[in-house]
Each structure stands twice: as structure tokens, then as C-alpha cells.
Amino acid sequence: MTLHNDIERVLISEQEITAGIDRVAREVTQAYSGQDFTVVSVLKGSCVFAADLIRRIPIPLELAFLAASSYGDGTVSGNLEINFFPTGNEIEGRRLLLVDDILDTGRTLHRVRAELLARGAMDVRTCVFLDKPSRRTAALEADFRCFEVEDLFVVGYGLDYAGRYRNLPYVGALKSEIFAKSKASG
Ligand code: XMP
């Protein structure tokens, strides 16, 4: 048995992911050409996307990380916790490109962006792998995005369910029995 057995259907294939990231990498390259900037990867979900994205951006950039967790083990948004790994001089006066796996309600990136601006960032733009606009509650739209997805819980390419499935190379929907199983086990 592998993780693939738990997937109901593939929503975005590896080839589609490559094409989407190529397009967004070109947009980011054009937007920041001639300007110093730092890519801030929001852990853990964006690590796969950020690693693929930065290798397609052929202009100078720096890389920083922060961790934001809001979902715990389930699929319902809970309290948000932010841990900043960038030190003061990685934020102050810098142009930052916040990179995240998915823009859902928008609360995470809205709060993280406000916090980075409060800590002295010169400019904070956002780049997301997936966008679920139907779920938005916060006033935030991504400056760059690879794919729009329907209102469905998705896994793979960095996105997890209960800590698993981040290593799938595509984006997929889980079989309903996987959710039922984890509910039954508490
Ligand atoms: P908000 O609602 O703050 O959520 O925009 C952003 C974070 O929520 C997680 N998230 C998901 N994770 N499949 C996942 O694996 C999903 O469909 C999903 N929707 C939201 C994710 O961690 C994201 O950074």
C-alpha cells in the first residue's frame, strides 16, 4: 500500500504543476528584475513549492522562513501561531515575497503580512501555489498564484492531512474514508 491508494482523484498533475510554476516564476522574475528581494517561505506547507519556484527565478534573491500553523490535525481552521525565523535585518527595509502553499480563508497571509510590515518590511507581496477564492474571509488577494482550486480539501505537493501526504508529487483529493477513519480514531 502506498499514499497513492488514499487518493480519490488527481486534481493537478506533475506536468501541470511544472507549467504553472514556470509561468509564475516568469511573472515574479519580471516584477522584481533589478530589485533586491527576499522570498519568505511559510512552513511547512510551502517548502516544496518554494524550492521549485526559486530555482526557476534567475535573478538575485535571498531566502528566509517562518512557520504558521492554524489547522492542527484536522481540516477546520483553528488558532494561528506564527514563529518568525527571519531575524530583524532580514525583514527591516526589505522587499519580501511571502510564499505559501494555499490561500484559503486568507487569514494566515493577512496576519503574517501585517506582522512583517509592522516589523519594518518595505513591501510585502504574496505568491501562492493554490488559491481557493470561494473560501475567502480576509481582505487579501495573492499578487501571484499558480492555480485556482474548488472548495475541496486537497493534499500533496507540500499540503498535508494530519501531517501526511506532503510528499505526493501532484495535488489530489483524498478518499472520503480517510477522513472517516481519522474521525473514528479520534
Ligand atoms: P487560510 O485559511 O489562513 O489557510 O488562508 C491557509 C493554511 O491553511 C491550510 N489549508 C489547507 N491545507 N489542504 C491542506 O492540506 C487544504 O485544502 C487546505 N486549505 C487550507 C494550509 O496550511 C494553508 O497554509
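Let me begin with a definition: a salt bridge here is a side-chain nitrogen of Lys or Arg within 4 Å of a carboxyl oxygen of Asp or Glu. By that rule the count comes to 13 salt bridges. Before I go through some of them, please keep in mind that this is a predicted model, in which local features need pLDDT of at least 70 and side-chain atom pairs count only at pLDDT 80 or more, while totals for chains, interfaces and linings use all residues. Residues are numbered from 1 along each chain as its sequence is written, and side-chain values use heavy atoms, with hydrogens and water left out.

I will start with the network. D131, R136, E141, R145 and E148 are linked by salt bridges into a network. Within it, D131 meets R136 with 2.7 Å from N to O, and the side chain of R145 also forms a salt bridge with D131, again at 2.7 Å from N to O. Since R145 lies in strand β7 and D131 in strand β6, this pair ties together parts that are 14 residues apart in sequence; helices (H or I, at least four residues) and strands (E, at least two) are DSSP runs, numbered from the N terminus. How accessible are these side chains? I call a residue buried under 20% relative accessible area, exposed over 50%, and partly exposed in between, using a 1.4 Å probe and protein chains only. D131 counts as buried because its relative accessibility is 3%, and R136 is buried too, whereas R145, at 32%, counts as partly exposed.

A separate salt bridge joins R56 and D22, whose closest N and O atoms are 2.6 Å apart. This pair links distant parts of the chain, with R56 in the loop between α2 and β3 (62-69) and D22 in helix α1, 34 residues apart. R56 is partly exposed, with a relative accessible area of 29%, and D22 is likewise partly exposed, at 30%.

That brings me to helix α2 itself. Which residues of α2 are buried? They are F49, A50 and L53, and they sit on the same side of α2, because they cover an arc of only 95° around the axis, the arc being that of the directions from the helix axis to the C-beta atoms. As background, an α-helix has 3.6 residues a turn, so residues three or four places apart point the same way. What covers the buried residues of α2 includes α1, β2, β5 (95-103), β6 (123-131) and β7 (144-148), where contact means heavy atoms within 4.5 Å.

Three strands form an open sheet in the order β1-β9-β8, with antiparallel pairing, and two strands pair if DSSP finds at least two bridges between them. The edge strands, each pairing on one side only, are β1 (7-12) and β8 (154-155). Between β8 and strand β9 (residues 171-174) there are 2 bridges, and V155 has G172 in β9 as its bridge partner.

Finally, the surface. L63, F65 and F85 form a nonpolar patch with about 260 Å² of accessible area together. Patches are made of residues with over 30% relative accessible area and no salt bridge, like charges being joined within 9 Å and nonpolar side chains (Val, Leu, Ile, Met, Phe, Trp, Tyr) within 5 Å, and the areas come from the Shrake-Rupley method with a 1.4 Å probe, where for residues only the protein chains shown count as cover. F85 lies in the loop between β4 (81-84) and α3 (88-91) and is partly exposed, with a relative accessible area of 47%.
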